Amino acid sequence: MDPRIPDVNTVRMAVDLACRAPSVHNSQPWRWTYTDGRLDLFSDRSRLLPSIDPTARQLVLSCGAALHHLQVAATALKWSTEIDRLPMGEHSNHLASIRFSHGARPASHDFDLVAAIRRRYSDRRPFAPPSTGTGFPGPLNEMLRPGTQLTVLPQDARPVLGAATELTAALRRYDSTYQMEIHWWAGHSADSVGIPPDALATAEQSARVEIGRWFPPGSRSSTGAPGADHSTVVVISTEGDGREDWLRAGEALSAVLLEATADRLATCPLTHLTEFGQSREMIRTLLPGNGCPQALVRIGTTAPEDRPKPTPRLPTDSVLTVNARRASR
């Protein structure tokens, strides 16, 4: 064994945690390859949602969230990471190469973030406001990634968010391809992908979240949920709108979700508001600069009762390829 590089079991643990990242409709569109101390992240276009995500923007954003999860996991395992993003260029499915060096000194908060990886889930129920006892949103600059911006929207932005949601729903209402796609990925009982019924909100709960994406109704009860949704909404935006921007936006999304989860807050990413140019432009008007909105996150508190079940994940060995002979020479 070479002590200068992580062994296969360490990498497998890190990738297992990375694959807990959120992805569009839990499609998990990533593949990893480990060879000679280098871990490579690829997008898996066989998991592209062509109607929901024809440009693969959300696919790359999902992979960016997994990349940040991996960095958090590696730090807790005492490995520093050096990341080369898009090493083969803008049009390649090769999204990142990660090199490791021993000697990271994780602080207690780094372990809090690893615990948040295991606890985090998307809660589509209505939220009460974040309690004043939490540190969130805290110093947002600590969650920023190069080229990204985080904007906490005021409550008076809700009418614009609601109008953008209504517009998106109207554009999708008679899109049979989209309807078939969302019914395949949400509300079924597949073992390892998609969103099962017990992870979805009920029809009554969804009706009280006026800015949420429509999903098939879930199978859980509605005990303990607040009346209307009073969540805080954060917008993640970027300077440009290319693949590296999408990747870094996914990393920022992961940072926001994990920090909020570490503060015992409920979260739900929103991407339907940025799928159409018209609704995306409406979100852009809410930003202080001229950034490109990539994703939004609802953040708040919920009753501990009737929490959604975690969504399933593919087995780690099905998305991680290891060149065992060269990695252990």
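Begin by selecting residues 38-43 and residues 94-102, which are strands β2 and β4 of this predicted model; the two pair in the antiparallel sense, and five bridges join them. Within this pair, show the side chain of D40 and look across to β4, where S97 stands opposite.

In which order do its five strands lie? Reading across the open sheet, the order is β3-β4-β2-β1-β9, and the pairing is mixed. The edge strands are β3, residues 79-85, and β9, residues 320-322, each of which pairs on one side only. If you look along the sheet, the twist from one strand to the next averages 20°.

Select residues 57-76 for helix α2, which lies across β1 (30-35), β2, β3 and β4 and runs at about 155° to β3. Then select residues 243-262 for helix α7, which lies across β2, β3 and β4, and which also runs at about 155° to β3.

Keep α2 and α7 on screen and turn to the packing between them. Two packed helices are described by the angle between their axes and by the distance between those axes. For α2 and α7 the angle is about 50° and the axes are 6 Å apart, and the two helices are therefore oblique to each other. Their crossing is right-handed. To see the contact itself, show side chains on both helices: the residues on α2 include V60, L61, L67, H68 and V72, and those on α7 include W246, L247, L253 and L258. Sorted by class, the contact of α2 with α7 comprises 12 nonpolar, six polar and three charged residues.

Finally, select residues 108-119, helix α3, and keep α7 beside it. How far apart are the axes of α3 and α7? They are 8 Å apart, and the helices pack at an angle of about 100°, which makes α3 roughly perpendicular to α7. In this contact H109, D112, L113, A116, I117 and R119 of α3 meet L258, E259, T261 and A262 of α7. By class, the residues here divide into five nonpolar, two polar and three charged.

Methods: Residues are numbered from 1 along each chain as its sequence is written. This is a predicted model: local features need pLDDT of at least 70, side-chain atom pairs count only at pLDDT 80 or more; totals for chains, interfaces and linings use all residues. Side-chain values use heavy atoms; hydrogens and water are left out. Two strands pair if DSSP finds at least two bridges between them. Helices (H or I, at least four residues) and strands (E, at least two) are DSSP runs, numbered from the N terminus. Axes are lines fitted to C-alpha atoms, for helices over the stretch in contact, and angles run from 0 to 180 degrees between N-to-C directions. Contact means heavy atoms within 4.5 Å. Angles under 35 degrees count as roughly parallel, over 145 as roughly antiparallel, 65 to 115 as roughly perpendicular and the rest as oblique. A crossing is left-handed if the near helix is turned anticlockwise from the far one by less than a right angle, and right-handed if clockwise. Ala, Val, Leu, Ile, Met, Phe, Trp, Tyr, Cys and Pro count as nonpolar, Asp, Glu, Lys and Arg as charged, and the others, Gly among them, as polar.
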